[in-house]
Amino acid sequence: LQAAEKRAQELHNLLNQYNYEYYVLDQPSVPDSEYDRLTQELLKIEEEFPELQTSESPTQRVGGQVLDAFKKVQHNVPMLSLANAFNEDDLRDFDRRVRQALDENSYSYVCELKIDGLAVSLKYEDGLFVQGSTRGDGTVGEDISANLRTIRSIPLRLREPLTLEVRGEAFMPKQSFIALNAIRDEKGEEPFANPRNAAAGSLRQLDPRIAASRNLDIFLYGVAEAEELGVSTHSESLEMLERLGFKTNNERKVCRTIDDVIQYVSGWADKRPKLSYEIDGIVIKVNSLAQQKELGTTAKSPRWAIAFKFPAEEVVTK
Ligand SMILES: Cc1ccc2cc(C(N)=O)cc(O)c2n1
């Protein structure tokens with residue numbers, strides 16, 4: 001058993017690394033055939049020694065049993081929703097409020113694409129993925145761990161054995177959305193109106209095999225209680241997420257002034273069709289976590305962030 005256990009660990013490490021290269025970096029270093037061969041080898045070992053078939057095994061992404069309902073999950077750190085800005089004046093009003101609240105101290109912003117998907121929270125204990133949930137009403141969400149495990153860019157084991165909670169946006173890439181609607185069309189089923197609804201519908205499935213078939217993906221954008229982990233800005237949180245093996249959206253920019261923010265926002269308005277996923281705006285955050293704390297939140301939204309919304313995108317359906 002020891003030899004099998006040692007080989008199984010080697011295979012976990014290899015398969016996790018190849019999975020990371022393929023789904024997070026989009027730069028595989030081995031052909032699919034090699035990945036499949038190693039997976040078969042691990043499946044054989046797990047068949048011979050069932051005690052090695054642990055939940056962290058790369059072979060256990062798609063669970064077998066169909067749930068009859070989702071459990072409720074309490075978010076210790078509320079998942080906030082963002083206030084919206086629709087034009088330049090709204091952005092300048094936001095900046096005025098920030099400047100006043102920070103007593104004219106210097107501050108900078110981080111701009112990131114606002115992915116049009118479903119906000120989710122992922123919990124890790126000693127580096128292992130233990131729970132995934134929807135935002136729900138911000139304090140209580142639904143446990144969709146079995147469905148989130150099927151998203152290949154979500155690591156089942158972090159590069160460091162940390163216990164933390166991260167937040168991100170699960171989404172369906174445009175191409176997967178078009179392919180899914182073509183299949184539904186053939187089967188005489190109602191097509192999904194847009195990738196966001198398709199992603200939400202997929203993650204609400206009680207059978208994880210259906211979620212696994214929907215080619216979902218995710219961008220992580222935050223670490224709950226990041227300051228506890230020795231991080232002082234939002235951009236450092238994003239770098240930490242990358243170091244831990246998470247997929248983040250690299251289309252982000254630190255902007256020193258609201259004029260830079262406005263330039264960044266207007267630059268993206270007509271670049272959306274080029275993206276392989278839908279965005280519904282740009283998220284603008286005060287970069288310093290200490291200043292975020294100083295600004296605080298209203299009942300449901302941070303005072304240190306705002307979402308600039310683009311007009312609804314005419315969806316390419318064919
Ligand atoms: C605090 C917060 C809330 C919702 C968010 C949503 C997105 C998004 N949809 O991409 C990105 C963020 O950085 C967010 N940040």
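Which residue's backbone oxygen lies 3.3 Å from a polar atom of the side chain of His75? I will come back to that in a moment, after a word on what we are looking at. This is a predicted model, in which local features need pLDDT of at least 70 and side-chain atom pairs count only at pLDDT 80 or more, while totals for chains, interfaces and linings use all residues. Residues are numbered from 1 along each chain as its sequence is written, and side-chain values use heavy atoms, with hydrogens and water left out.

The residue in question is Arg135, whose backbone oxygen makes a polar contact with the His75 side chain; a polar contact here is a pair of N or O atoms within 3.5 Å, where within protein one must be able to donate a hydrogen and the other to accept it, and residues adjacent in sequence count only if both atoms are side-chain atoms. His75 lies in the loop between β1 (72-74) and β2 (84-85), with helices (H or I, at least four residues) and strands (E, at least two) taken as DSSP runs numbered from the N terminus. His75 counts as buried because its relative accessibility is 3%, where buried means under 20% relative accessible area, exposed over 50% and partly exposed in between, with a 1.4 Å probe and protein chains only.

Let me turn to the ligand. The ligand sits in the largest pocket, and the residues surrounding it include Leu80, Leu82, Tyr221 and Val283, a residue being near if one of its heavy atoms lies within 4 Å. The largest share of this shell, four residues, comes from β3, and β3 (109-115) and β10 (279-286) each supply at least two of the shell residues.

Elsewhere, β4 (118-125) and β5 run antiparallel and are joined by six bridges, with Ser121 partnered by Ser133 in β5. Strand β5 (128-134) is mostly covered, five of its seven residues being buried. Two residues separate the strands of this hairpin, and there Asp126 takes a positive phi near 50°.

Which other residues take a positive phi although they are not glycine? Asp26, at about 55°, is found in the loop between α1 (2-24) and α2 (32-48), and Asp26 counts as exposed because its relative accessibility is 61%. Asp103, at about 50°, has its place in the loop between α3 (88-101) and β3, and is likewise exposed, with a relative accessible area of 56%. For context, most residues other than glycine have a negative phi.

Key. Pairing = 2+ DSSP bridges. 1 Å grid on protein atoms, 1.4 Å probe; cavity = no way out; pocket = protein on both sides within 12 Å on 5 of 7 lines; lining within 4 Å. Sits in = over half its atoms within 2 Å of the grid points.
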